[in-house]
Structure formats: C-alpha cells, structure tokens
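Work through the exercises below with the structure open beside you. Try each task before reading its solution.

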Amino acid sequence: YQRRVHGDTSYANLTRFPALLDTKLIINNNPNLLEMVYSHRVDQLDEILQATTQLKILNIQKPFNKLHELPQSLYSLTQLEELNIVASSIETIHDNIQNLKRLNRFRIVVVNITELNPIIGTLPIQQFSAIDCRRLIRVPNFVQNKVEDIFLFNTNIRYIPDGVCNSPLRIFSVINSKISISTLFNLTNCTQLRLFSINGNQLNYLPELNSYYLDDIDISYNNFTSIPEWIIIRDDRIRKLNVQGNPLVLPENVLCKTEIIISKEMSCPCHTRIDPCQSSVCCKPIR
C-alpha cells in the first residue's frame with residue numbers, strides 16, 4: 001500500500017487520507033485534501049498546512065511533543081469546519097483564529113491551557129469539547145448563539161457563560177469537573193435540551209430544566225439524597241435516569257415509566273411494565 005502511493009500520482013484528487021510516514025509527499029500531490037489526521041514531526045506541520053488550504057477537518061494528535069502554539073499557517077485554513085487538538089504542550093491560541101469563520105466543531109484534548117482565547121466565542125461554534133484539560137477554568141462566551149453540544153470531561157470549569165441559554169443547546173455533558181449550581185440555573189430555559197449529564201461534580205441540587213425534549217438525565221456520582229421532584233413529575237417523558245453513586249433513598253413506586261440506572265450491574269426498565277415495578281432495588285424504598 002505504501003509502495004503504491006509512492007509510485008502513482010493518480011491520487012491528485014484524493015480528499016481524505018490516513019496518517020502515513022511520508023505525509024509531505026501525499027500532501028504535495030493532493031492540494032485539495034479535505035481531511036487530515038497529523039501525528040508526525042512538529043517541524044513539518046507548518047509547511048504541510050501551507051499546502052492544504054482546502055482542509056475542512058484537521059486532527060492534530062501530538063500529546064507528548066513540544067508544540068507550544070499552533071502554527072500560523074493553520075489560521076489561514078479559511079475552509080476549516082472542524083479542529084481537533086491533542087497536544088499537551090499548547091498554552092495559547094492566537095487571535096488569528098478569528099480567520100476561521102467556518103469553524104463549527106472545536107475539540108481540545110490534554111491541552112495545557114487555563115483560559116481559551118475569547119475570540120473563539122465569536123466563531124459559529126456548534127459543538128465544543130474539552131477533555132482532560134485539567135487547568136481549563138472557563139468556556140468561551142459563544143456570542144453567535146449557535147452552540148448545540150457541550151462536552152467537558154476532567155476540567156476545572158465551574159461556570160458556563162449566561163449566554164448559553166440563548167443557544168439551541170441539545171447536549172450538555174460535564175463529567176468529573178467542578179460545575180457550580182449557579183451555572184445549572186443558566187440552563188433552565190434551554191428548550192431544545194435532550195441529554196443532560198453532570199456525572200461526578202459533587203452536586204446535591206438540580207434546578208428544573210424546562211425542555212420538553214429532555215429524556216436522558218445522568219446525575220450519577222454526586223451527593224443527591226433524593227430524585228428531584230420535577231423529574232418524578234415528568235415520569236412519562238424521561239426515558240433514562242442514571243442515579244448510581246448517590247446516597248439515594250427512593251420513595252415507593254417512583255418513576256415507573258423511566259429506566260432508572262442504580263449501578264453498573266443493574267437497572268430497572270420500568271417503562272416496559274404495565275403495572276408498577278416490583279423490583280426490590282428500584283421502586284421499593286431502601287431500608
């Protein structure tokens with residue numbers, strides 16, 4: 001397969017190619033490349049990006065290198081729609097990111113940043129993800145109000161900008177972070193919300209989320225002693241509720257149409273039963 005690439009120039013119209021050892025050769029023969037996963041030498045990245053001006057999706061996967069900042073050529077990729085960065089040494093993102101006016105999916109993994117450049121919030125971001133960014137304390141204020149999905153895992157983020165409630169937010173997943181109750185109040189009027197997860201945030205209160213479409217809730221590994229009343233009232237609309245890892249005492253016959261996940265080993269698919277659930281681990285009070 002590698003030999004075929006070296007000996008055949010008919011790849012000039014290739015739009016997607018996996019990472020190979022001789023990346024420069026492939027790029028030079030394919031200026032119209034649309035998607036690239038780069039995990040090779042840092043000193044070649046700037047030159048390679050200069051030759052791929054039509055890129056729409058870029059994945060930079062260098063978690064253990066000395067890449068302290070993104071190359072300037074990246075900010076000239078005006079067609080870029082998705083940017084994924086896995087690079088633990090990056091500490092800043094340049095103001096020139098404002099040139100990426102089509103960027104709508106932005107994902108950072110193991111990035112050594114405390115606060116992202118606020119200019120990112122001016123871009124038409126629809127999906128934002130931060131994973132294992134333990135120094136990150138703040139999410140940009142997405143002023144275009146287009147963000148649909150927020151994924152945060154192992155961060156130091158406590159607050160989400162108030163403006164997120166003006167976005168068509170569908171997924172809010174904040175796991176093993178330090179999200180505050182006051183931030184959750186900013187989500188109460190996100191009317192398009194479908195999935196809500198605050199796994200592992202040491203919370204004991206959840207304000208009512210006023211989305212008709214919300215049917216998947218995960219409040220596992222917090223400090224809840226009871227299921228919020230508004231969730232019980234919506235028994236007929238909520239499909240799944242994960243409460244494992246909480247010091248819960250469940251009232252009798254609660255949520256008989258909702259699948260309640262009590263632990264990794266057991267769940268109660270109450271919605272499959274006509275009569276109230278008879279499970280001793282779910283809808284019966286704990287003694």
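The exercises that follow concern a predicted model.

**Exercise 1.** Work out why the buried residues of α3 line one face of the helix.

Solution. Step 1: list the buried residues of α3, which are Q44, L45, I48 and L49. Step 2: look down the axis of α3; these buried residues fall within an arc of 130°, so they line one face. Step 3: turn to the face directed away from the buried side, where the exposed residues D43 and Q50 are found.

**Exercise 2.** Decide whether N154 is buried or exposed, and do likewise for Q202.

Solution. Step 1: locate N154 in the loop between β7 (149-153) and β8 (171-175). Its phi is positive, near 55°, although N154 is a residue other than glycine. Step 2: the relative accessible area of N154 is 12%. Buried means under 20%, so N154 is buried. Step 3: locate Q202 in the loop between β9 (195-197) and β10 (216-218). Q202 is not a glycine, yet has a positive phi of about 60°. Step 4: the relative accessible area of Q202 is 66%. Exposed means over 50%, so Q202 is exposed.

Conventions: Residues numbered from 1 in each chain as written. Predicted model: local features only at pLDDT ≥ 70, side-chain atom pairs only at ≥ 80, totals over all residues. Heavy atoms only, no water. Helix = DSSP H or I, 4+ residues; strand = E, 2+ residues; numbered from the N terminus. Buried < 20%, exposed > 50% of the residue type's maximum accessible area, 1.4 Å probe, protein only. Arc of directions from axis to C-beta.
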